[in-house]
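Keep the viewer open and follow along.

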Amino acid sequence: MGELTNQLKKYLEETPKEIQEQHFFEIACKIQNIDPSLPNAKRLLWWKQFKEKFLYTFLPVFIFV
């Protein structure tokens with residue numbers, strides 16, 4: 001487990017912030033089943049994440065209050 005932690009620490013220290021953001025964006029797109037090469041992928045990702053947050057956080061408050 002320590003080796004994996006060291007690899008992650010090395011990645012976060014040595015990789016530029018812009019490349020890290022691109023990698024995290026690609027991972028989030030794969031989780032949401034969005035093709036990261038689409039021209040509107042950022043907008044689609046934002047919309048899916050917003051809907052999930054709304055459905056699981058705000059909507060239950062409105063229903064049960």
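The chain exposes about 5900 Å², with carbon and sulfur atoms supplying 63% of it; accessible areas here come from the Shrake-Rupley method with a 1.4 Å probe, and for residues only the protein chains shown count as cover. Keep in mind that this is a predicted model: local features need pLDDT of at least 70 and side-chain atom pairs count only at pLDDT 80 or more, while totals for chains, interfaces and linings use all residues. Residues are numbered from 1 along each chain as its sequence is written, and side-chain values use heavy atoms, leaving out hydrogens and water.

How much of the chain is buried? Buried residues make up 14% of the 65 residues, where buried means under 20% relative accessible area, exposed over 50%, and partly exposed in between (1.4 Å probe, protein chains only).

As for the fold, the chain has three helices and zero strands, running α-α-α from the N terminus on. Helices (H or I, at least four residues) and strands (E, at least two) are DSSP runs, numbered from the N terminus.

Now look at H2, residues 17-31. Its 15 residues should span 21 Å at 1.5 Å a residue, and the end C-alpha atoms are 21 Å apart, so the two agree; the expected span is 1.5 Å times one less than the number of residues. The buried residues of H2 are Gln20, Phe25, Ala28 and Cys29.

Helix H1 (2-14) and H2 each supply at least two patch residues, and H2 gives the most, with three. Ile27, in H2, is partly exposed because its relative accessible area is 47%.

The spacing makes sense: an α-helix has 3.6 residues a turn, so residues three or four places apart point the same way.

Finally, the loops. Thr15 lies between H1 and H2 and counts as buried because its relative accessibility is 17%. A polar atom of the Thr15 side chain lies 2.7 Å from the backbone oxygen of Tyr11. Asn33 has a positive phi of about 60° although it is not a glycine, and it counts as exposed because its relative accessibility is 70%.

Technical notes
Polar contact = N/O pair within 3.5 Å; in protein donor to acceptor, adjacent residues only side chain to side chain.
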